[in-house]
Amino acid sequence: GRGGGGGGGGAAGTKRQRDLADDELGERYDGFGGGDGFADASKLRNDKFEAYYQHQGVVPRDEWASMMDAFRTPLPLTFRVNMSGKFRESTRNTLEKTLFPGIRAHTTRPPRALRWYPDALAWQVDVPKDALKKSDDFRALHRFLVQANETGAITRQEAVSMIPPLLLDVKPSHRVLDMCAAPGSKTFQLLEMLHHKASGETGAEAPAGVVVANDASLQRANLLTHQTKRSNSPALIVTNHQAQKFPFLIEAGKGGDERIPILFDRVLADVPCSGDGTLRKSPDLWKKWTPGSGVDLHGLQLEIATHAVRLLKVGGRLVYSTCSLNPLEDEAVVAALLRRGKGSLKLVDVSEKLPGLKRRPGMRTWHVGDVFGWHETPNGDGRRQRNVCETMWPPSGKAASEMRLDRCVRILPHLDDTGGFFIVAIDKVAELPAEMQAAAAARDDDDDD
């Protein structure tokens, strides 16, 4: 997920607008010397943030201090070696045999492969403050990573951002839609998977499938094009649409009169979000966060997720993700989507996937609050933000147990030295209810007018 209103577009309410440099591939935070914003501990707190999430119960009480301590330290450097690149093994050898030995000699926390990433191709490096000024070894690593990133041999990317594409289970023949794709690190990862599996399974260099990478912002779509051109892939299409209004692609039938919608095998919806899971790389969020952030974005997130499953084939998979801890942006969106789907959507049990990844299950219950306080019911008395809506409340009774919201994945910063993240894999097991499709058709007709 990305903080602010970048990839989806058109949300009501006040929200932080993303700067292009905020993203995984932005230059503002690349894991080297990123600790300046953490020097003044008094600025790394927000009483409303602490009160809100303690009330939500996002972690057990005995873990609260550990989570907050983690949020107040900068992220380590993380990057991936391109799994399908022709320089894969030479890049790995340069890192392991030339660059890392010098760094290991000068640190108590040596570079280490992320244990859950396939083939040990993703790495984490703890970079001490002022390392680029004081260490020839770290300067050499920095130069190498900048050059390798430009050629596409590696991608600098936050560790938690690598998870959603892995849970999509992409095949070489798949049509894949990345709905909110900028700046492109996940798109690049999807292309790697498409090419890697194609060459491994068929011996062909080019896959039969395609990745459509979309973003609502023209400026961010340009950034996306710049970042993904390193892949030199013929299987990439970049588009510029609001995610919740992404058009249905149509192909003519054999007779020429029939109009057949082109649906996707896989959809990734890494939606715009409040971004409070990114405090370790965006410490300016401490002073900007408010309890209304999740309320402002819930409606947009639900509309993007709803449209994502419209664009998905029966038998296909959606992965929905955010970089927010807020259940109003996470489990509440998923629960509302399942209610709309009326049995056509099923959460996937991914607990055995990515062994070694430290995670927590999704929340089954939560509270609804905004800048005016907590609200017990959707239609209760008292002042509230105008975009507080019924879909924010948790399910109850039999519906709550049948949804299996525990199959959602929560990544917390103190579990494995990462940022905060939310991911869920959703399979489309049957056609959607007519009213879900009808809503899209009516909106398309309005757009045509």
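Reply: Let us begin with handedness: a crossing is left-handed if the near helix is turned anticlockwise from the far one by less than a right angle, and right-handed if clockwise. The crossing of helices H10 and H11 is right-handed, whereas the crossing of H3 and H5 is left-handed. Please keep in mind that this is a predicted model, in which local features need pLDDT of at least 70 and side-chain atom pairs count only at pLDDT 80 or more, while totals for chains, interfaces and linings use all residues. Residues are numbered from 1 along each chain as its sequence is written, and side-chain values use heavy atoms, with hydrogens and water left out.

Me: What makes H10 and H11 oblique to each other?

Reply: Helix H10 (residues 293-310) and helix H11 (residues 331-341) pack at an angle of about 45°, with their axes 10 Å apart. Axes are lines fitted to C-alpha atoms, for helices over the stretch in contact, and angles run from 0 to 180 degrees between N-to-C directions. Angles under 35 degrees count as roughly parallel, over 145 as roughly antiparallel, 65 to 115 as roughly perpendicular and the rest as oblique, and H10 and H11 are therefore oblique. Their contact (heavy atoms within 4.5 Å) involves residues including His298 and Leu302 of H10 and Ala336 and Arg340 of H11.

Me: Why are H3 and H5 called roughly antiparallel?

Reply: The axes of helix H3 (residues 88-104) and helix H5 (residues 136-151) come within 9 Å and cross at roughly 160°; H3 and H5 are therefore roughly antiparallel to each other. Among the residues that make this contact are Leu95 and Phe100 of H3, together with Phe138 and Leu141 of H5.

Me: Why does glutamine 56 count as buried?

Reply: Buried means under 20% relative accessible area, exposed over 50%, and partly exposed in between (1.4 Å probe, protein chains only). Glutamine 56 has 5% relative accessibility, so this residue counts as buried. Its contacts, not counting residues up to four places away in sequence, include Trp366, His367 and Trp374.

Me: What makes valine 429 partly exposed?

Reply: Valine 429 has a relative accessible area of 43%, and therefore counts as partly exposed. This valine is in the loop between strand S19 (421-428) and helix H14 (434-448). Valine 429 and leucine 345 are 84 residues apart in sequence, yet 5.8 Å apart in space, C-alpha to C-alpha.

Me: How do you know that the buried residues of helix H1 are on the same side?

Reply: The buried residues of H1 (residues 47-56) are Phe49, Glu50, Tyr52, Tyr53 and Gln56. They cover an arc of only 165° around the axis, which puts them on the same side of H1; the arc is that of the directions from the helix axis to the C-beta atoms. On the other side of H1, Asp47 and Lys48 are exposed.

Me: Which residue caps the N-terminal end of H1?

Reply: Asparagine 46 does, with a side-chain oxygen 3.0 Å from the backbone nitrogen of lysine 48. A polar contact is a pair of N or O atoms within 3.5 Å; within protein, one must be able to donate a hydrogen and the other to accept it, and residues adjacent in sequence count only if both atoms are side-chain atoms.

Me: How many helices and strands are in the protein chain?

Reply: The protein chain has 14 helices and 19 strands, where helices (H or I, at least four residues) and strands (E, at least two) are DSSP runs, numbered from the N terminus.
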